Amino acid sequence: IDIAAFVANFRHAKALAPGCKALAVVKANAYGHGAVPLARALDAEADAFGVACSEEALELRAAGIERPILLMEGVFDPDEIGVAAARGLVLTVHSRAQLDWLLDARLPTPVDVWLKIDTGMHRLGFAPAQLREVYHLLHASRNVRQIVLMSHFACADDTDNPATERQAEQFASATRGIGAPRCLANSAAVLAWPRTHGDWIRPGIMLY
C-alpha cells in the first residue's frame, strides 16, 4: 500500500467533515494492508482507531499506538473489560450481555463507551426503544466515563435508496434530547450523506 496515499485519503475524509472527529478503521489488519504501519502513519492525526477485537487493539498498543482505540464489536468475554480499562481501550456496547458485564465489572478506572443502536442494519445494536434505558444505566455507572451514540448504515453507498434517510431519522428520533456525541457516518456516508456526519465520522474502506 502507498502510505502517503492512505494518509491523503484520511485527510480528504476529514476535509469532507470539517469540525468532526475522525476514527480511522484499521480492523482485520487494516483490511489486510498492515494495521501497525498504517496506524503509526496516522497516530498524530487520527482522533481514534477502530478495530474488531481486543487482540487487534493490544497489537497496536504493543507497537506504541497511544490514541484511543475502539473495539467496534465490543468484548466477547467479561474478562476482557478489565484489560480494556487497563490499556485505555474504548468499548462498543451493543448487546444486553455486554451491558451487564460492564455494569457488574470491578474496574481500576472507568472506560469510554460507544453505545450502538440498530436503526436498520439488523446486525448489532439495541432497538431504538431500548436506547434511553440503556443510556441511563451506563450514564449512572461508575465504570463509564464518556458515552458516544452510534449506529451503522446498511446501504449508504446506494444514493437512490431511501433507507439511509430513514435510518438517519430513526437515529435522530431515538437520541433526541440526549446530550452525548453522535457517530453515524461510515465511508459511504462521509462521501455521500454530509448531513449524517454528526460529531464523529468513521472512514474505513475509503482509506484504502
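Residues are classed here as buried when their relative accessible area is under 20%, as exposed when it is over 50%, and as partly exposed in between, with a 1.4 Å probe and protein chains only. The structure is a predicted model, in which local features need pLDDT of at least 70 and side-chain atom pairs count only at pLDDT 80 or more, while totals for chains, interfaces and linings use all residues. Residues are numbered from 1 along each chain as its sequence is written, and side-chain values use heavy atoms, with hydrogens and water left out. Helices (H or I, at least four residues) and strands (E, at least two) are DSSP runs numbered from the N terminus.

By this classification Ala-30, which is found in helix α2, is buried, with a relative accessible area of 0%. The phi of Ala-30 is near 55 degrees, a positive value in a residue other than glycine. His-122 likewise has a phi near 55 degrees, but this residue lies in the loop between β5 and α7 and is exposed, with a relative accessible area of 66%. Most residues other than glycine have a negative phi.

The strands β1-β2-β3-β4-β5-β6-β7-β8 form a closed barrel of eight strands with parallel pairing, where two strands are taken to pair if DSSP finds at least two bridges between them. Strand β3 (residues 69–71) is joined to strand β4 (residues 89–93) by three bridges, the two running parallel, and Leu-70 stands opposite Val-90 in β4. Helix α4 (residues 54–62) packs on the sheet and touches β2 (48–51), β3 and β4, its direction making about 165 degrees with that of β3; contact means heavy atoms within 4.5 Å, and the axes are lines fitted to C-alpha atoms, for helices over the stretch in contact, with angles running from 0 to 180 degrees between N-to-C directions.

Helix α5 (residues 79–87) has as its buried residues Glu-80, Ile-81, Ala-84 and Ala-85. These residues lie on the same side of α5, because they cover an arc of only 140 degrees around the axis, the arc being that of the directions from the helix axis to the C-beta atoms. The buried residues of α5 pack against α4, β4, α6 (96–104) and β5, whereas the face turned away from the buried side carries the exposed residues Asp-79 and Ala-86. Just after α5, Gly-88 takes a positive phi of about 70 degrees. Another glycine, Gly-64, lies in the loop between α4 and β3 and counts as partly exposed at 40% relative accessibility; Gly-64 is 24 residues from Arg-40 in sequence and 8.1 Å from Arg-40 in space, C-alpha to C-alpha.

In the loop between β5 (111–116) and α7 (131–140) lies Thr-119, which counts as buried at 6% relative accessibility. The side chain of Thr-119 makes a polar contact of 2.8 Å with that of Ser-151 and another of 2.9 Å with that of Gln-167; a polar contact is a pair of N or O atoms within 3.5 Å, of which, within protein, one must be able to donate a hydrogen and the other to accept it, and residues adjacent in sequence count only if both atoms are side-chain atoms. With neighbours within four places in sequence left aside, Thr-119 is in contact with Ser-151, His-152, Gln-167, Gln-170 and Phe-171.

Rings of Phe, Tyr and Trp (its six-membered ring) are paired if their centres lie within 6.5 Å, with planes under 30 degrees apart counted as stacked, over 60 as edge-to-face and the rest as tilted. The count by this rule comes to three aromatic pairs. One of them is the tilted pair of Phe-6 and Tyr-208, at 5.3 Å centre to centre and 50 degrees between the planes, which links Phe-6 in helix α1 (residues 3–16) to Tyr-208 in the segment after β8, 202 residues apart. Phe-6 counts as buried at 1% relative accessibility, while Tyr-208 is partly exposed, with a relative accessible area of 24%. The rings of Tyr-31 and Tyr-208 have their centres 4.8 Å apart and their planes at 50 degrees, so this pair is tilted. Ring pairs link Phe-6, Tyr-31 and Tyr-208 into a cluster.
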